[in-house]
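Open the model in a viewer and follow the stops below in order. Each stop says what to select and what is found there.

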Amino acid sequence: MTRILPKNKLDDCIAAWQKAGFSVLAPVQRHGMSSFGEVQKASEMALDLILTERTIKDHFFPQTEPLIKYKISKHDIDSETMTPPERKRIFFGVRPCDASGLEIDDPLFGWDYKDDYWFRRRENSVIVSIACSEADDFCMCTSVKLSPDSTRGADVMLRPLSGGNGWQVEAISERGTALCDTVSSLLQEETAQAAPLPRVDGKFDVEKVMEWLADKENFESRFWKDISMRCIGCGSCTFLCPTCHCFDIQDEGDTYQGIRRKNWDSCSFALFTMHTSGHNPRNAQSTRWRQRIMHKFNYYQGKFGVNSCSGCGRCTRQCPVDMGITETLQAITNLPR
Amino acid sequence: MGIQEQYRSEAAELLSSGEVKLVIGFGAGSTADRRRPLFARTPEESEKLVLDQNCIANLTTYLVAGGLLTDGKKVAVFLKPDGIRSLNILIAESQVKAEQVVIFGFAIENNEVTPLEGRSISDFAKLGEKLRTATPPPSVQEEAERLEAMGSSGRFEYWKEQFSKCIKCYACRQACPMCYCRRCIVDVNQPQWVSTSSHTLGNFEWNLVRAFHLAGRCAACGACDRACPVNIPLRLINYRMGKEVKEAFDYFAGESSDQNPVLASFRQDDPETFIL
């Protein structure tokens with residue numbers, strides 16, 4: 001016997017969660033783009049998508065975030081710290097790769113300084129993952145040692161039933177158990193088979209890749225120039241990545257008033273490392289692409305013991321010139337040693 | 001011999017004779033129907049060139065990237081008619097020297113690839129006129145008319161929604177052959193002229209700045225539109241700007257390589273109705 005959430009009880013679940021003070025966010029297709037958005041009804045959810053084009057990262061680390069408001073008058077300087085609204089949220093239908101992405105980023109935002117903006121949102125959110133029932137050519141979770149039903153970063157794991165009429169429910173964390181309790185009357189005890197997981201073939205050998213990256217001799221390898229020749233230097237791979245987290249601080253306003261903001265930034269941009277003097281230590285696209293790969297599969301691992309990639313494949317899927325992590329790591333795997 | 005094989009062997013000849021230092025074409029991509037830019041420097045590498053109905057990217061972008069042509073050497077590039085149009089604009093704007101580019105021209109019609117005669121930009125003089133008088137793709141025209149019928153407040157709402165998706169990844173700029181500025185205005189940060197924030201104002205600023213900078217310069221290749229990871233229909237903006245310029249100045253960007261760029265030149269009989 002397993003606990004089951006029948007699909008036709010989803011509307012009741014949403015209502016119950018809303019009554020308990022939660023906003024419910026789910027995959028939606030709006031204005032020609034798929035992302036996580038607030039929903040009132042199950043019919044608004046786009047649960048058949050393999051993956052949304054945007055990640056849930058956007059809701060924890062928004063692309064632009066006001067930090068401080070300031071006002072300078074004749075005798076006083078006023079400043080006000082702006083904090084994100086205290087809002088309890090449920091993310092329903094998160095894919096395991098995106099949920100893992102949040103957990104991968106946690107140590108980064110809590111390392112030398114606890115980023116209140118990130119953790120306040122993390123603490124107020126419950127992640128309800130749904131295991132994948134389909135994968136596409138770009139999915140690569142298994143290559144980074146995750147899986148289509150990985151529970152990393154999830155509070156509740158739902159596994160689609162083979163009949164397609166509901167999900168097996170497994171609470172992963174305390175927060176998940178508490179969430180399941182709020183809808184316990186809607187869940188049923190049944191014997192129902194979960195649908196088989198999609199096959200996600202291994203695309204590269206991450207151990208081999210890490211070993212090659214760790215060899216300092218390879219830092220200046222010709223490989224980096226060859227692999228990144230067609231990179232046009234946009235930031236789409238970094239901004240669609242569930243784990244990329246770089247930002248820039250900008251003051252917007254004039255001498256008398258303004259707002260300090262935290263905005264997404266990307267290591268793909270030449271401006272990212274441009275010094276005030278005009279010198280740029282990463283003055284070619286190949287050095288910037290190398291940085292992205294090194295950061296994800298070497299530096300991050302060294303600092304936090306985990307690779308900064310959850311295998312969603314968006315970097316390749318949406319790349320205007322068909323580049324991405326998969327091809328690069330495949331090429332490294334196949335390099336003669 | 002099919003066109004792919006013909007161009008492969010011609011590319012190999014150009015490379016082995018040293019006539020060109022590089023051939024920019026298409027290669028196999030990460031899925032069966034994806035093609036990716038391929039850079040062949042040796043005759044062997046030119047064997048990997050692919051040419052079929054999936055080769056839709058505008059490769060002129062690479063001609064103006066990273067100082068590729070500054071050594072004066074020649075480069076060969078695979079171009080569709082919209083790519084040839086872009087090349088005309090780049091030559092007219094003195095960004096590329098005509099004699100440095102060997103063209104492997106091709107057209108895709110009804111999923112069929114046909115070769116275009118000629119290897120130098122001067123061989124394509126008639127193509128410009130053909131493009132000028134061609135009707136734009138019905139999908140773009142219909143959508144543009146639908147927006148036109150909305151009225152200004154409806155259009156404003158439409159673009160507000162579309163621009164709200166913008167993440168300022170600048171894929172549109174990076175994919176565009178006309179965005180060749182060494183330092184884009186949004187990257188000028190002492191002081192910061194255009195806001196880097198992706199709020200409503202910042203997103204409008206960026207997309208409008210780009211639209212204005214492309215007025216009378218866009219080859220309608222659709223590279224920006226295809227590159228946009230959040231599906232903003234940028235083709236509609238450029239279509240509208242192109243129409244505006246055509247009506248005001250009877251000018252079609254990229255018709256020939258010896259055009260005077262419309263917004264960087266003047267005629268004595270230019271209308272002066274905007275002067276109060």
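Begin with domain 1 and domain 2 of chain A, which bury about 3,700 Å² between them, with carbon and sulfur atoms giving 58% of that area. Buried area here is the accessible area (1.4 Å probe) that two parts lose on being put together, summed over both. This is a predicted model, in which local features need pLDDT of at least 70 and side-chain atom pairs count only at pLDDT 80 or more, while totals for chains, interfaces and linings use all residues. Residues are numbered from 1 along each chain as its sequence is written, chains are lettered from A and ligands numbered from 1 in the order in which they are written, and side-chain values use heavy atoms, with hydrogens and water left out.

**Stop 1: the two domains of chain A**

Select residues 2-190 of chain A for domain 1 and 206-333 for domain 2; the bounds come from an automatic or database domain assignment. Their C-alpha centres are 25 Å apart. Domain 1 brings 41 residues to the contact and domain 2 brings 46, where contact means heavy atoms within 4.5 Å.

Next, show Lys262(A) and Asp115(A), whose side chains form a salt bridge with N to O at 2.9 Å. A salt bridge is a side-chain nitrogen of Lys or Arg within 4 Å of a carboxyl oxygen of Asp or Glu. Between the two domains the count is four salt bridges.

On the side of domain 1 that touches domain 2, strand S4 (64-72) and helix H2 (96-109) of chain A are the elements that give two or more residues. Helices (H or I, at least four residues) and strands (E, at least two) are DSSP runs, numbered from the N terminus. By class, that side of domain 1 has 21 nonpolar, seven polar and 13 charged residues. Ala, Val, Leu, Ile, Met, Phe, Trp, Tyr, Cys and Pro count as nonpolar, Asp, Glu, Lys and Arg as charged, and the others, Gly among them, as polar.

**Stop 2: Thr238(A)**

Select Thr238(A), in helix H7 (residues 236-239) of chain A. Is Thr238(A) buried or exposed? Thr238(A) counts as buried because its relative accessibility is 3%; buried means under 20% relative accessible area, exposed over 50% and partly exposed in between (1.4 Å probe, protein chains only).

Leaving out residues up to four places away in sequence, Thr238(A) touches Lys57(A), Cys244(A), Ser266(A), Cys267(A), Ser268(A) and Arg292(A). Of these, Cys267(A) is 29 residues from Thr238(A) in sequence, with 7.8 Å from C-alpha to C-alpha. A polar atom of the Thr238(A) side chain lies 2.8 Å from the backbone oxygen of Gly235(A).

**Stop 3: Ser286(A)**

Move to Ser286(A) in helix H8 (residues 285-304) of chain A. Ser286(A) is buried, at 12% relative accessibility. Apart from neighbours within four places in sequence, Ser286(A) is in contact with Trp224(A), Lys225(A) and Ser228(A).

**Stop 4: chain B against chain A**

Now show both chains. About 2,900 Å² is buried between chain B and chain A, with 55% from carbon and sulfur atoms. In chain B, Arg34(B), Arg36(B) and Ile167(B) lose the most area to chain A, together 19% of what that side buries. Each chain supplies 35 residues to the contact.

Finish on Arg34(B) and Asp322(A), which form a salt bridge with the closest N and O atoms 2.8 Å apart.

Conventions:
A polar contact is a pair of N or O atoms within 3.5 Å; within protein, one must be able to donate a hydrogen and the other to accept it, and residues adjacent in sequence count only if both atoms are side-chain atoms.
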